Amino acid sequence: MDSFLIAGLGNIGEEYEETRHNIGFKILDAFAQKHKVSFDERKRYGAIAELSLKGKHIILLKPSTYMNLSGKAVRYWLTEGKVPLYRLLVIVDDLALPFGSLRLKSSGSDGGHNGLKSLQEILNTTNYPRLRFGIENKFPKGGQVNYVLGQWTDEENKQLPEFITKAVEITESFCLAGIERTMNMYNKK
């Protein structure tokens, strides 16, 4: 059975739950809820949920290492789950994209994102799939940290469910149809 590792990046702790930086956790929570599985918080380096989807074994990972050390958790679960790099999908927030935009890529730079920097350092490559969720960059000079660790606005909160549902669809398609077909179907030109 093909195994996939879906790593939603974020920070553990109540104070981070509703922040922009934790969109990876939110998307995995929605994925788990849709497929009626729960996370086991007691696993090594993170909360893990596992399911079978049309013959594919899917491991959902919410790292407990904090964003800056995400690579450690991802490497451990790639090895533990015997998942090849091309079947890893990292879900991450992205300041460079408009709010709610979703972009699936097969590789790319870290774009200044600390979670992706950690992955690049520990996996020693940028060649792994990632789903980028746009959070925009509406902050004053020097305000990036407060912005990404800030809560969603009321207007954003109203729209989030629709975008999260779409991110779950893209994640399912990645596992079932492959990255090329999924990029063709979902990436807006």
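Contact here means that heavy atoms lie within 4.5 Å. This is a predicted model.

**Helix H2**

Helix H2 spans residues 70–80. Its buried residues are Ser70, Gly71, Ala73, Val74, Trp77 and Leu78. These residues lie on the same side of H2, because they cover an arc of only 160° around the axis. An α-helix has 3.6 residues a turn, so residues three or four places apart point the same way.

What do the buried residues of H2 pack against? Their partners are strand E1 (3–8), E2, strand E3 (56–63), E4 and H3. Just after H2 comes Lys82, with a positive phi of about 50°.

**Arg87**

Arg87 sits in the loop between H2 and E4. Is Arg87 buried or exposed? Its relative accessibility is 13%. Buried means under 20%, so Arg87 counts as buried. Which residues does Arg87 touch, leaving aside its neighbours within four places in sequence? Arg87 is in contact with Asp2, Ser3, Phe4, Leu5 and Phe174. Of these, Ser3, Phe4 and Leu5 fall in the range of strand E1 (3–8).

Rolling a probe the size of a water molecule over the atoms shows where empty space is left. The largest pocket holds about 510 Å³ of space. It is lined by 27 residues, and the closest to its centre are Gly111, Gly112, His113, Asn114 and Gln144. Four elements each supply at least two lining residues: strand E4 (88–94), helix H3 (114–123), strand E6 (130–134) and helix H4 (144–148). E4 and H3 are also among the elements that the buried residues of H2 pack against.

The second largest pocket has a volume of about 310 Å³. Its lining has 15 residues, and Glu17, Asn22, Phe25, Asp29 and Lys62 are the closest to its centre. Helix H1 (23–34) and strand E2 (46–53) are the elements that give two or more residues to this lining. H1 gives the largest share, three residues. E2 is another element that the buried side of H2 packs against.

The make-up of each lining is set out below.

How values were computed:
Residues are numbered from 1 along each chain as its sequence is written. This is a predicted model: local features need pLDDT of at least 70, side-chain atom pairs count only at pLDDT 80 or more; totals for chains, interfaces and linings use all residues. Side-chain values use heavy atoms; hydrogens and water are left out. On a 1 Å grid over the protein atoms alone, a cavity is a set of points where a 1.4 Å probe fits but cannot get out, and a pocket is an open set with protein on both sides within 12 Å along at least five of seven lines; lining residues have an atom within 4 Å of a point. Grid points are joined across faces, edges and corners, and a volume is the space filled by probe spheres set on the points. Buried means under 20% relative accessible area, exposed over 50%, partly exposed in between (1.4 Å probe, protein chains only). The arc is that of the directions from the helix axis to the C-beta atoms.
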